[in-house]
Amino acid sequence: MILRLLGAVYAVAFLAAINQIVPLIGEHGLLPLGIFLDRVSQALGSKGAGFMRLPSIFWFTHTDTAMLTAAWAGFVLSCVVLAGFANALLLAVLWFLYMSFVHIGQDWYGYGWEIQLLETGFLAIFLCPLFDMRPFPKRPPPVIVIILFRWLIFRIMFGAGMIKLRGDDVWSNGTALYYHFETQPLPGPLSRWFHFLPRTVLKIGVWYNFFAELAAPWFIFWPRIARHIAGSVIIMLQVILILSGNLSFLNWLTIIPALACFDDGFWSRFLSPAFVLRSEKAIVDAETSRPMMATAWVVAVLIAILSIQPVFNMLSPRQIMNTSFDAFDLVNTYGAFGSVGRERLNVVFEGTMDEVPEDRADWKPYPYKGLPVALDKRPPQIAPYQLRLDWQMWFAAMSTPEEYPWTLHLISKLLRNDPGAVSLFADNPFRDKPPRFIRAVLYRYRFEKPGNPGSRWWNRERVGDPWIPALSIHDPLLDEYLKREGFRD
């Protein structure tokens with residue numbers, strides 16, 4: 001169960017890379033990988049030092065073809081694991097391939113679930129024999145590795161609970177869900193329904209969240225019944241989050257180590273009799289491998305040592321979220337939504353063919369694939385897939401263009417109808433000819449109540465002056481920025 005779900009998450013993650021990696025960090029992407037690697041090399045003194053700090057196969061070659069080849073290889077191998085076939089070598093390849101993307105992905109891969117997938121994928125390597133790929137191999141999985149998965153889910157949940165307890169007061173006073181479903185990065189089809197639930201229900205949801213993150217993890221290491229209940233409580237929270245929004249593959253990924261709370265007796269109630277019989281026969285025929293067990297214990301000792309700093313961080317009043325403490329992301333610290341926004345801000349890119357780019361001009365928006373733009377469009381179901389531009393623009397809306405300078409590079413590409421940049425949006429309102437001007441406008445969005453006369457999902461109001469003023473392809477400020485950053489397409 002652990003390996004198959006891991007294969008599914010890996011497959012989705014590599015599929016996102018196949019579709020988005022070239023326009024994001026390709027040779028002519030928004031943040032070209034070549035420029036990034038050169039800067040890291042200069043800062044650390046050499047490419048070798050860069051590789052040791054950020055291990056990745058793309059230090060050796062980083063062409064668009066190389067990145068797409070790696071992404072497709074990862075996707076195919078992930079599907080093999082999803083089908084039930086896995087060994088340590090295959091899982092090690094998947095782990096290093098994905099780490100290669102995470103370490104050079106820059107802004108687009110700076111999320112907690114990326115290093116969480118790497119830590120989960122690393123542990124999974126040691127569940128399997130070195131070569132045997134059969135679903136029921138001769139060598140049984142070492143119990144100590146199952147315990148390491150339980151330690152992982154403990155840190156994920158407890159760290160998330162502590163960051164909320166120490167963070168925004170909307171968690172401690174039980175009002176966080178008054179805002180979360182509306183202001184989360186990418187709302188889903190059911191988010192509005194959750195948002196308008198009775199306030200009492202939303203407060204109960206906050207207390208359940210604390211129960212799942214702060215109380216249930218302590219029972220993960222208890223005897224069977226307590227462990228099953230704890231695992232069920234944790235997984236139920238993840239299911240609610242899956243239904244209520246689009247948090248990438250985070251919640252699916254978090255379910256994986258929680259599965260270690262359950263044993264074969266539990267799963268035998270839900271799986272087919274033929275599958276259960278095969279499993280029982282495999283247990284009878286299993287022969288423990290001493291090298292495999294010895295390796296598992298070495299890994300356990302390594303994880304114990306590397307856990308010291310994350311544990312101190314988790315207990316610290318200055319706790320930080322989603323941080324790695326080693327170059328290979330083997331043991332990390334996690335946490336999400338330590339603070340909850342009270343309002344939903346959204347940056348919308350708009351273009352016009354008019355000669356004068358004033359407010360009265362005919363501005364047409366570039367619709368995102370996930371973020372709201374049109375008021376009458378229901379939020380789509382995206383997760384477990386991730387729209388990386390949409391996620392970054394959610395963060396950007398709470399900041400300034402100076403903190404997200406690549407947005408100027410994006411505008412320069414849209415002004416030329418660059419196919420890669422346009423592919424990151426749901427549609428191109430200027431298919432025949434690129435616009436004369438593009439600007440970025442900040443709006444405040446709110447859910448409309450169901451059943452409103454206009455059948456709208458959202459209402460919105462403009463916030464202040466344009467987030468980025470109208471720019472043309474010949475704007476000297478835009479040209480100066482592109483030259484300074486080396487972005488000459």
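## Close-up views of a predicted model

View 1. Trp193 lies in helix 10, which covers residues 191–195. The structure is a predicted model. With 53% relative accessibility, Trp193 counts as exposed. Helix 12, residues 224–244, supplies the largest share of the patch, four residues.

**View 2. His195 in helix 10.** His195 is also placed in helix 10. Its relative accessible area is 13%, so His195 is buried. The cut-off for buried is under 20%. Phe425 lies 230 residues from His195 in sequence. In space, the C-alpha atoms of His195 and Phe425 are 26 Å apart.

**View 3. Helix 1 against helix 6.** Two packed helices are described by the angle between their axes and the distance between the axes. Helix 1 spans residues 2–25, and helix 6 spans residues 112–125. Their axes come within 11 Å. The crossing angle is roughly 140 degrees. That angle makes helix 1 oblique to helix 6. The crossing of this pair is left-handed.

**View 4. Helix 1 against helix 13.** Helix 13 is formed by residues 250–258. The axes of helix 1 and helix 13 come within 9 Å. They cross at roughly 160 degrees. Helix 1 and helix 13 are therefore roughly antiparallel, as angles over 145 degrees count as such. Here too, helix 1 makes a left-handed crossing, now with helix 13.

View 5. The side chains of Glu119 and Arg155 form a salt bridge, at 2.3 Å from N to O. The pair links distant parts of the chain, 36 residues apart. Glu119 sits in helix 6, and Arg155 sits in helix 7, residues 143–166. Glu119 is buried, at 1% relative accessible area. Arg155 has 3% relative accessibility and counts as buried. A search of the whole structure finds 22 salt bridges.

View 6. Glu350 and Arg439 meet through their side chains in a salt bridge, 3.0 Å from N to O. This pair also links distant parts of the chain, with Glu350 in strand 3 and Arg439 in strand 5, 89 residues apart. Glu350 counts as buried, at 4% relative accessibility. Arg439 counts as buried too, at 6%.

View 7. Glu343 pairs with Arg444 in a salt bridge, and their closest N and O atoms are 2.6 Å apart. The two residues are 101 residues apart and link distant parts of the chain. Glu343 is in the loop between strand 2 (332–333) and strand 3 (344–352). Arg444 is in strand 5, residues 437–447. Glu343 is partly exposed, with a relative accessible area of 38%. Arg444 is buried, with a relative accessible area of 17%. The network of salt bridges also takes in Arg446 and Glu461, linked with Glu343 and Arg444.

**View 8. A cis peptide bond at Pro384.** Ala383 and Pro384 are joined by a cis peptide bond. Its omega is about 10 degrees. Pro384 lies in the loop between strand 4 (364–365) and helix 18 (388–396).

**View 9. Asp329, a buried loop residue with positive phi.** Asp329 is not a glycine, yet its phi is positive, near 55 degrees. Asp329 is placed in the loop between strand 1 (323–324) and strand 2. At 5% relative accessibility, this residue counts as buried.

**View 10. Ser455, an exposed loop residue with positive phi.** Ser455 is another residue other than glycine with a positive phi, at about 50 degrees. Ser455 lies in the loop between strand 5 and strand 6 (458–462). Its relative accessible area is 55%, so Ser455 is exposed. The cut-off for exposed is over 50%.

Notes:
Residues are numbered from 1 along each chain as its sequence is written. This is a predicted model: local features need pLDDT of at least 70, side-chain atom pairs count only at pLDDT 80 or more; totals for chains, interfaces and linings use all residues. Side-chain values use heavy atoms; hydrogens and water are left out. Buried means under 20% relative accessible area, exposed over 50%, partly exposed in between (1.4 Å probe, protein chains only). Axes are lines fitted to C-alpha atoms, for helices over the stretch in contact, and angles run from 0 to 180 degrees between N-to-C directions. Angles under 35 degrees count as roughly parallel, over 145 as roughly antiparallel, 65 to 115 as roughly perpendicular and the rest as oblique. A crossing is left-handed if the near helix is turned anticlockwise from the far one by less than a right angle, and right-handed if clockwise. A salt bridge is a side-chain nitrogen of Lys or Arg within 4 Å of a carboxyl oxygen of Asp or Glu.
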